[in-house]
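Thanks for making the time this morning, everyone.

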Amino acid sequence: MTETTAGAHEAHGTPTGWRRWLYSTNHKDIGTLYLIFAVVFGIVGGLMSVIMRMELQAPGMDVIWGDSSTQEHTFNVLVTGHGLIMVFFMIMPAFIGGFGNWMVPLMIGAPDMAFPRMNNFSFWILIPSALLLVGSTVIGDGAGTGWTVYAPLSTIGMTGPSVDMAILALHLAGASSIMASINFITTIFNMRAPGMTLHKMPLFVWSILITVFLLLLSLPVLAGAITMLLTDRNFGTAFFDASQGGDPLLYQHLFWFFGHPEVYVLILPSFGVISHVVSTFSRKPIFGYLGMAYAMVAIGAVGFIVWAHHMYTAGMGVDTEAYFLAATLVIAVPTGVKIFSWIATMWGGSLTFETPMLWAMGMIFLFVLGGVTGVVLANSGLTTAFHDTAYVVGHFHYVMSMGAMFGIFAGFYYWVGKMTGHQYPEKLGQWHFWITMVGVNLTFFPMHFSGLAGMPRRIADYPDAYAGWNLISSYGAYISFAAALFFLYVVYRTFKSDEKLEANYWGEGATTLEWSVPSPAPHHTHEAPPTVR
Amino acid sequence: MFGRNAGVAIAALFTALIAGAGAALAQEAGLGAPFDWQMGFQEPASPVMRDIIDFHNFMLWLITAITIFVLGLMLYIMFRFNAKSNPVPSKNTHNTMLEVIWTVVPIIILVAMAIPSFKLLYKDDVVPTATRVADLYGIDVAGEITLKATGLQWAWEYEYVDNGVFLFSSCLYGPDYWCFGGEAPEGAHRLLETDNPVVVPVNTLVKVQVTAAAVIHAWAVPAFGVKIDAVPGRLNETWFVAERIGTYYGQCSELCGQYHSYMPIQVNVVSQEDYDAWLAGQLAAMQPDRLKAPTTEFAQQGITPRRPLAVTPGIAN
C-alpha cells in the first residue's frame, strides 16, 4: 500500500525533455502543444491567404508560379488549404485544444481531464492529419475543391491522390475532435468541484461544453459524407453520381449538416472568452449569466436546423428555402441577447482598456458587423444576388477572422501570464491590436462592395472593374499578416519578461478558479477539489 | 487616457466605413457590367432585380442603424464608464425587464424583416406564366422563350429548345484558354466577353433551364437578379424578363475546377426584330463545327470522365 502511494507520487513528477511532451497526459502541457500547433498553422494558413491576395491584387495571373496550365488550379488549392487549415488546424486547436485544455479543468476545480491518455492521443493524431493535408498540396496536383469538397468536383472532377489525402486528413482531424469532445463532456459533467452546479459554471466552460456537443453530433455526419466521397472516388460507388442514381445535392446536405454547426464550433468558445474578459475589465460580474449560458445553448440547438441556407441557389424548392430563411433569422435573437448582455456587463462598470479588453471590444463590434450581414444573407430572396459572391467572403471573415480570431487573441493576452508566468508587454499588445484592426477591416470591408457589384468568390482572376477594391483588400491582408508576425515578436518579448506575477494579476474583476492558483499555474493543480460557494 | 484615444479612432474608422456603405445606395451605375470602384448593385434590368434592390436597401438601412446603435452604446460606455469617470463599479447583474426587451424587440424587428422577405421569395422564385408576370409586375410580355444552359468545364452550352436542336457553346475569348474563343475584339470586357453570346428579345419571358455535364456550376446574371446552380442530373429552372436592350454579363458562380474564373455568361438583349433576324441567320448558317458534343470537349481538355455523363446535352446531328 505504501509502495503504491510512493509510486503514484513518482509518476506525478514533471517529466523532462521530449518525454514530457510526447508522452504527456497533463492537460496544461497538452494545451500548450495545441496552442503552439495553432500558431504554426495560423502562420501557414495566413501565408496561403497572402499569396492569394498577392494574386488578386491586380487583374491577370502574375504572381502564382507555373503557367496557365497550373496557375489557376494552384490558386484553388490555396483557397482549399487556407480554409481547411484555418478551421481545423488554427481556430479549433487554439480554442478547444488550447484554451479548453488549459482552462476547463482549472475553472471547474478538476485536477486534469477525465481521460488524460486520450487527451494525448487527440493532440498527436492531429500531426499526421496536418501532414496529410499539407502533403496533399504537394503530392499529386493538390485538392482544388474548396473546403466544402463538393461532389462531383471532388469525385470525377479531380483525379490523383490529393483529394484522398485531404479526405483522410479530415477523418483524422475529426477523430481527434470527437475524442476531445468525449473527454470534455466527461470532465465537465463529472469532475466539477463540489458546489459548482451547472448554473454556477463559468461561461467559458459552458461555451466549451456546447461546442463539444456540436462536434460530437455533427462530425460523424461529416465522416459519413467524406467516406462516401472516398468510395465514390476509389471503389466505384455512386452516392453522389447522378448518372448512376446518386445525388450531388445529397453531399451538400450532409456536408452542411456538419458545416453549419462547425461554424458555431468556431465562434462559441470566442463568446466564452469574451464574457470572461469583459467581466474582468469592467470589474463587474457578467450581466444575465443564465441568459448568456442558455443563449449559447439556443444558438447550438438552432445551429443544427439551418444548414441548407448555404444552398439557396441549389434548386431546393421555394418552401424549403422559406423554412431555412425563417430558422436562420431566429439565430439573431440569442445572438442579440449575448451582444446586449456584454454591453450591459460593461454598463456601470469601471472599465480599463488593457490589451485583452481591446480585443474583446473589437470582437463585439466587428462580430455585430459580421452578424448583420449574416441577417441580410439569410433572406433567400436576396440570395440570387449574394450567393457565392465576395460579399459572403466578407461576411464570414467578419465573424471568423474577427469574431473568432479576436477571441483567441483576447484569450491569449488574458491568460498568457497564468499559463507561462510571463506577462506580455502592454504597449506592444495594444499595437498588435491596432495594426490587426486596421488590417482586417481594410481586407474584408471592401469585399462587401465587390460582392454587391457581382464579383464571384473563389476566382483566381477577375474582370478589370473589380481591381480597385481588390487592391485595397490586398494591402489590408499584408497589414494583417504583418500584425501576425508582430504577434510572434510580442510572444518573444513576453517570454523575455521577468516581471513576477501574482496569482490574480487582473485583480478584483477576475473571479473564476484559475485565478486562485499561482502564476504560472504549477504542473498539478486542484489536487484536492476547491470548495465553491 | 487610452480609452479616449481608442474611442476616437474606432469612431473615425467606422463612420468612414459605414458612410461608404450608405454611399452604395446612391451610386451612379453602368448597365450590365461592373464598373471601377463600384460599391453597390449593378443597374437592374429586370423586375426581379428591382425587387431585390428595394428589399436590400431596406435591409441596409436597418443593419446600418443596428450597427451604429451598438457602436454608440460602446462609445458611450467607453467615455462614461471608464475607470477614471466611474471608479466604483455597480454590482447590477440582473434586470428582467431589460432582458425581456432585448429579446422581444429583435423578434419584432425580425418579423418586420421576414414578412417582406417571404413576399420577395414567393414572388420571384417561382417561374411564372405571362399572366402572372402581368399581375405581379405590371409588364405585358411580348412572348415566351425557353433557353437551356448546360455548364461544361469550362464553357456554357446553350440550347434554344423552342427551335429544334439549335445549340451552341459560349466561351471566353483569349488564346490561353481551352475554348476556341480566339482574340477578343477591341474594347471587350476582359473575362466577361464570350465568343457566342446568348441573344434574347427584350420584354420577353425567358425561362432558363440549367444543368451541367460533369461538375456543378452556377448560371448568374447580376443585372437580372438571376443565379441558379447547374447540377448534373438535375434540371433547375429560373426566369427573367429583360426590360432594357443592352449587353449583360455574369460569371459562373460555383467553384467548378481550374478555369472557374473563365466561364462568363453574356446575354445580348435585343429588339424582337433583331432577335428574329439573328435566329433565322443562325439557323441558316448552322455549321457542324458550331454544334459540338461535350464529350469531344472533354477529350480536348484531356479530361476523361470515368463513366457516362449524367446529362448528355443534346448532340445535334
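I will begin with the conventions, then take the cores, some helices of chain A, and finally chain B.

What you see is a predicted model, in which local features need pLDDT of at least 70 and side-chain atom pairs count only at pLDDT 80 or more, whereas totals for chains, interfaces and linings use all residues; side-chain values use heavy atoms, with hydrogens and water left out. Residues are numbered from 1 along each chain as its sequence is written, and chains are lettered from A and ligands numbered from 1 in the order in which they are written.

Let me start with the nonpolar cores. By a nonpolar core I mean a set of buried Ala, Val, Leu, Ile, Met, Phe, Trp, Tyr and Cys residues joined through side-chain atoms within 4.5 Å, where buried stands for under 20% relative accessible area, exposed for over 50%, and partly exposed for what lies in between, with a 1.4 Å probe and protein chains only. The largest such core has 271 residues, and those with the most contacts inside it are Phe88(A) and Trp219(B). Its largest share, 22 residues, comes from H4(A). A second, separate core has 6 residues, among them Phe287(A), Val337(A), Ala344(A) and Trp102(B). Which residues is Phe88(A) in contact with, leaving aside its neighbours within four places in sequence? They are Pro93(A), Trp147(A), Leu170(A), Ala173(A), Leu222(A) and Phe258(A), contact meaning heavy atoms within 4.5 Å.

Next, helix H6 of chain A. Helices here are DSSP runs of H or I with at least four residues, and strands are runs of E with at least two, both numbered from the N terminus. H6(A) covers residues 126-138, and its 13 residues reach 19 Å from first C-alpha to last, close to the 18 Å expected at 1.5 Å a residue; the expected span is 1.5 Å times one less than the number of residues. Its buried residues are Leu126(A), Ser129(A), Ala130(A), Leu133(A), Gly135(A) and Ser136(A), and what covers them includes helices H3 (27-56), H4 (71-108), H5 (116-124) and H7 (161-190) of chain A. Just after H6(A), Gly140(A) takes a positive phi of about 75 degrees.

The loop between H6 and H7 of chain A holds Val149(A), which has a positive phi of about 50 degrees although it is not a glycine, and which is buried at a relative accessible area of 5%.

In H7 of chain A we find Ser162(A), a buried residue with a relative accessible area of 2%. A polar atom of the Ser162(A) side chain lies 2.7 Å from the backbone nitrogen of Gly142(A). Beyond its neighbours within four places in sequence, Ser162(A) is in contact with Ser136(A), Ile139(A), Gly140(A), Asp141(A), Gly142(A) and Ala143(A).

Helix H12 of chain A, residues 332-346, has 14 of its 15 residues buried, so it is largely enclosed by the rest of the structure. The helix is followed by Gly348(A), with a positive phi near 80 degrees.

Turning to chain B, we have 6 helices and 10 strands, and buried residues make up 55% of its 317 residues. Strand E8 (residues 236-241) of chain B has 5 of its 6 residues buried, so it too is largely enclosed by the rest of the structure. E8(B) pairs with strand E5 (residues 205-212) of chain B in the antiparallel sense over 6 bridges, pairing requiring that DSSP finds at least two bridges between the strands; in E8(B), Phe240(B) is the bridge partner of Val206(B).

Setting aside its neighbours within four places in sequence, its contacts include Thr313(A) and Gly315(A) from chain A, and Trp219(B) and Thr238(B) from chain B.

Note on methods: Polar contact = N/O pair within 3.5 Å; in protein donor to acceptor, adjacent residues only side chain to side chain.
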